[in-house]
Amino acid sequence: VEDLTKRAVNYVSAKGQAAILKSLVEEDYFTEEELDVIKRGRNYKRSSHPKHTDVVTYKYSTGFEALIGYLYLSNNMDRLSEILKKIEVI
């Protein structure tokens, strides 16, 4: 259970999500449309952030979450599954 918890933290923490996003951006993995969604999610104005992470990390993780939500809500399950497989969630 402890090992599973440690692995899960990589996917649900702001630091883990930001690291995943940065890695995939460096690989030029996303389409232009996906990058636009990430940037809009990342740049959303918010006056606060969690106390356990810095603003930049939090914004990157928010951009990643925005992309996942966008793909889900637009019913683009093939691309969503592709990304989740790439980051080894499924």
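Relative accessible area sorts residues into buried (under 20%), exposed (over 50%) and partly exposed (in between), using a 1.4 Å probe and protein chains only. The structure in these views is a predicted model, in which local features need pLDDT of at least 70 and side-chain atom pairs count only at pLDDT 80 or more, whereas totals for chains, interfaces and linings use all residues. Residues are numbered from 1 along each chain as its sequence is written, and side-chain values use heavy atoms, with hydrogens and water left out.

View 1. Helices are DSSP runs of H or I with at least four residues, strands are runs of E with at least two, and both are numbered from the N terminus. Because its relative accessibility is 60%, N75 counts as exposed.

**View 2. A salt bridge joins E27 to K86.** The term salt bridge is used here for a side-chain nitrogen of Lys or Arg within 4 Å of a carboxyl oxygen of Asp or Glu. Side chains of opposite charge can pair when their charged atoms come close. The structure holds three such bridges, and in this one the N to O distance between the side chains of E27 and K86 is 3.0 Å. The two partners come from distant parts of the chain, 59 residues apart, with E27 in the loop between α2 and α3 and K86 in helix α5. Both residues are partly exposed, E27 having a relative accessible area of 44% and K86 a relative accessibility of 38%.

**View 3. R79 takes part in salt bridges with E34 and with E82.** The closest N and O atoms of R79 and E34 are 2.7 Å apart. Because R79 lies in helix α5 and E34 in helix α3, this pair ties together parts that are 45 residues apart in sequence. E82 counts as partly exposed, at 40% relative accessibility. Through shared partners, the salt bridges join E34, R79 and E82 into one network.

**View 4. The surroundings of R79 include the backbone of Y29.** A polar contact is a pair of N or O atoms within 3.5 Å, where within protein one must be able to donate a hydrogen and the other to accept it, and where residues adjacent in sequence count only if both atoms are side-chain atoms. The side chain of R79 comes to 3.0 Å from the backbone oxygen of Y29. If neighbours within four places in sequence are set aside, R79 is in contact (heavy atoms within 4.5 Å) with Y29, F30, T31, E34 and L71.

**View 5. Y29 and F30 stand edge-to-face.** Rings of Phe, Tyr and Trp (its six-membered ring) form an aromatic pair if their centres lie within 6.5 Å, and planes under 30 degrees apart count as stacked, over 60 as edge-to-face and the rest as tilted. The structure holds one aromatic pair. Y29 and F30 form this pair, with 5.7 Å from centre to centre and 80° between the planes. Y29 is buried at 18% relative accessibility, and F30 is buried at 6%.

**View 6. The ring of Y60 has the charged ends of K22 and R42 over it.** A charge is said to sit over a ring if NZ of Lys or CZ of Arg is within 6 Å of the ring centre and within 35 degrees of the ring normal. K22 lies 4.9 Å from the centre of the Y60 ring, and for the charged end of R42 the distance to that centre is 5.3 Å.

**View 7. Helix α5 has one face lined by buried residues.** The buried residues of α5 are R79, L80, I83 and L84. Viewed down the helix axis, they fall within an arc of 135° and therefore line one face of α5, the arc being that of the directions from the helix axis to the C-beta atoms. The cover over these residues includes α3 and α4, while D78 and K85, on the other side of α5, are exposed. E88, which follows α5, has a positive phi near 65°.
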